[in-house]
Amino acid sequence: MRSRKSKWIWGITFLLVLIISIFIYLFRETILIKAGNFMAPAGDYEADAVILEGAEFISTGAVTSGMNLLSSGKVKRIIIVLQDIAPAHRPYGINGNYPDVVGQKLKTVGLHEKEFKILVVPVRKPITLREAEFVLKDLSGEKIHSAILLSQGFHTRRSYLAYQYIGKPLQIQILPHACFSNYPLNEWWTHESGVRDFATECLKLAYYLAGGYIPFKFSY
């Protein structure tokens with residue numbers, strides 16, 4: 001009797017797994033697109049400022065996107081975030097202080113000093129959360145109440161949640177906008193770097209949530 005019942009359970013389990021597998025296969029592209037959009041939220045916003053997330057350096061594409069938002073009147077200022085690194089760790093051929101180089105370049109393309117700000121943040125773990133604390137504390141003193149957060153690819157979800165968590169008590173609204181330079185969002189799974197980036201950022205997001213760096217109520 002138990003053997004027959006066990007066979008029924010295994011049979012039903014196998015059938016459910018088969019149905020789910022078929023469903024995922026048939027709608028795999030739609031599922032992958034939705035997963036990508038979740039990890040890389042974006043929208044058409046207006047705000048007081050745009051925050052351009054960089055690392056040791058900032059990409060030309062990110063700066064161009066920020067300047068486009070400024071010229072279209074959707075933001076009033078550009079905030080460029082750079083990580084503070086030792087000069088010996090910079091790529092060979094970069095002369096002078098990199099943040100100063102960026103500032104001078106922005107001026108040569110026509111931006112006034114009041115239209116942009118460069119923040120050099122200390123590198124402390126967890127890096128994204130500490131960055132958000134540093135940046136938003138600085139901006140809260142300048143009466144900025146809303147900011148578009150422009151991040152690279154699938155890093156956007158974790159960055160957005162960290163900034164949103166820190167920004168809420170400071171009454172700063174964060175509006176996420178992902179940008180992609182190496183592959184298109186709607187085909188990310190067809191590129192090796194896209195699959196790697198997606199998997200890596202999913203793991204890092206899980207780490208932030210499991211470690212309590214971002215409360216679960218801010219995880220959507």
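## Sheet and helix packing

In this predicted model, helices α6 and α7 are roughly parallel to each other, because angles under 35 degrees count as such and the two pack at about 20 degrees. Their axes lie 8 Å apart. From α6 (residues 155–167), the residues His155, Arg157, Arg158 and Leu161 meet Glu201, Lys204, Leu205 and Tyr208 of α7, which spans residues 192–210. Sorted by class, this contact holds four charged, three nonpolar and one polar residue.

The model also contains an open sheet of five strands with parallel pairing, in the order β3-β2-β1-β4-β5. The edges are formed by β3 (116–121) and β5 (173–179); each has a single partner strand, so one side of each is left without a neighbour in the sheet. On average, neighbouring strands are turned by 25 degrees against each other, direction ignored.

One of the residue pairs is Ile79 with its bridge partner Lys117 in β3.

| Helix | Residues | Strands it lies across | Angle to β3 |
|---|---|---|---|
| α4 | residues 98–108 | β2 and β3 | about 170 degrees |
| α5 | residues 127–140 | β1 (49–53), β2, β3 and β5 | about 140 degrees |

Definitions and conventions: Residues are numbered from 1 along each chain as its sequence is written. This is a predicted model: local features need pLDDT of at least 70, side-chain atom pairs count only at pLDDT 80 or more; totals for chains, interfaces and linings use all residues. Side-chain values use heavy atoms; hydrogens and water are left out. Two strands pair if DSSP finds at least two bridges between them. Helices (H or I, at least four residues) and strands (E, at least two) are DSSP runs, numbered from the N terminus. Axes are lines fitted to C-alpha atoms, for helices over the stretch in contact, and angles run from 0 to 180 degrees between N-to-C directions. Contact means heavy atoms within 4.5 Å. Angles under 35 degrees count as roughly parallel, over 145 as roughly antiparallel, 65 to 115 as roughly perpendicular and the rest as oblique. Ala, Val, Leu, Ile, Met, Phe, Trp, Tyr, Cys and Pro count as nonpolar, Asp, Glu, Lys and Arg as charged, and the others, Gly among them, as polar.
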